[in-house]
Amino acid sequence: MAQLPSTATIKDIITALQTMECINQKADLAAAVGSPASVSDDVATIISKLQNAKNTLAAYLNAKGGSAAGNESVQSLADKVGTLPVKKWASGNLMRQANSTVVSGLGFRPRVVIASTLSSNGNRYSVRALFQDSTELTFANAIGGPFEVTSLDANGFTLKTDASSISFPNAIYWFAYE
């Protein structure tokens, strides 16, 4: 900013201070918006970049099953992101434990569990899948194999292994999701 002459009026000083304040506010605005806005952009460019980002956010929300428009406030768009459903999932592997193996600590109640292992003769995979119905009261095992899902709870599931199976030396790999 140019230095004011010693003959500057109070009006000149106030105008200069307001200009400085706007420069600082523009820098603050660019910092709050973040990339792609920068301090070197003029205010109109920062506003345009912010609007483009809001339009993109609204399009992403709509693609994920939400309903949003770029002319909504930033807070409204942020609130809508927070309400998008999130499906939880987990996977792992374990060794058979007696006739029943409990998988717990998932932090969600699975609706589908898929478990597989190499058969004792080493030739094939056996798979069991559990599909829980919408009433959360019943489920059905599908496909064949030496184990089955016998229960679900808020944190995991239980696999029952066939005690009559010949050795069960291989790990059981599982995947569960809501």
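## The loop between H1 and H2

Pro36 is placed in the loop that runs between helix H1 (10-33) and helix H2 (43-63). Helices (H or I, at least four residues) and strands (E, at least two) are DSSP runs, numbered from the N terminus. The peptide bond leading from Ser35 to Pro36 is cis, and its omega is near 15°.

This is a predicted model, in which local features need pLDDT of at least 70 and side-chain atom pairs count only at pLDDT 80 or more, while totals for chains, interfaces and linings use all residues. Residues are numbered from 1 along each chain as its sequence is written, and side-chain values use heavy atoms, with hydrogens and water left out.

Ser40 also has its place in the loop between H1 and H2. With a relative accessibility of 66%, Ser40 counts as exposed. The accessibility classes are buried (under 20% relative accessible area), exposed (over 50%) and partly exposed (in between), for a 1.4 Å probe and protein chains only. Ser40 and Lys26 are 14 residues apart along the chain, and their C-alpha atoms are separated by 9.2 Å.

## Chain overview

The chain contains 3 helices and 8 strands. In sequence order, the pattern is α-α-α-β-β-β-β-β-β-β-β.

Of the chain's 178 residues, 25% count as buried. Contact means heavy atoms within 4.5 Å. Taking contacts in the chain between residues at least 6 apart in sequence, 44% join residues at least 24 apart.

## Salt bridges

There are 2 salt bridges in the structure. A salt bridge is a side-chain nitrogen of Lys or Arg within 4 Å of a carboxyl oxygen of Asp or Glu. Side chains of opposite charge can pair when their charged atoms come close.

Asp41 is buried at a relative accessible area of 12%, whereas Lys49 counts as partly exposed at 24% relative accessibility. Another salt bridge joins Glu72 to Lys80, and here the closest N and O atoms are 3.0 Å apart. Glu72 is buried, with a relative accessible area of 17%, and Lys80 counts as partly exposed at 27% relative accessibility.

Glu72 sits in the loop between H2 and helix H3 (74-83). When neighbours within four places in sequence are left aside, Glu72 is in contact with Lys54, Ser67, Leu77 and Lys80. Among these partners, Lys80 is also the one that forms the salt bridge with Glu72.

The axes of H2 and H3 come within 11 Å and cross at roughly 25°. Axes are lines fitted to C-alpha atoms, for helices over the stretch in contact, and angles run from 0 to 180 degrees between N-to-C directions. H2 and H3 are therefore roughly parallel to each other. Angles under 35 degrees count as roughly parallel, over 145 as roughly antiparallel, 65 to 115 as roughly perpendicular and the rest as oblique. H2 passes H3 in a left-handed crossing, a term for a near helix turned anticlockwise from the far one by less than a right angle, with clockwise giving right-handed.

On the H2 side, the residues that meet H3 are Lys54, Leu57, Ala58 and Leu61, and their counterparts in H3 are Val74, Leu77, Lys80 and Val81. By class, this contact of H2 with H3 has 6 nonpolar, no polar and 2 charged residues. In that scheme Ala, Val, Leu, Ile, Met, Phe, Trp, Tyr, Cys and Pro count as nonpolar, Asp, Glu, Lys and Arg as charged, and the others, Gly among them, as polar.

Phe157 belongs to strand E7 (residues 156-161) and counts as buried at 1% relative accessibility. Neighbours within four places in sequence aside, Phe157 is in contact with Thr101, Val102, Val103, Leu106, Pro110, Val113, Val149, Ser151, Leu152, Trp174 and Ala176. For Pro110, 47 residues from Phe157 in sequence, the C-alpha to C-alpha separation from Phe157 is 7.6 Å.

Thr150 is found in strand E6 (residues 147-153). Thr150 is partly exposed, with a relative accessible area of 34%. The C-alpha atoms of Thr150 and Ser100 are separated by 9.0 Å, and the two residues are 50 apart along the chain.
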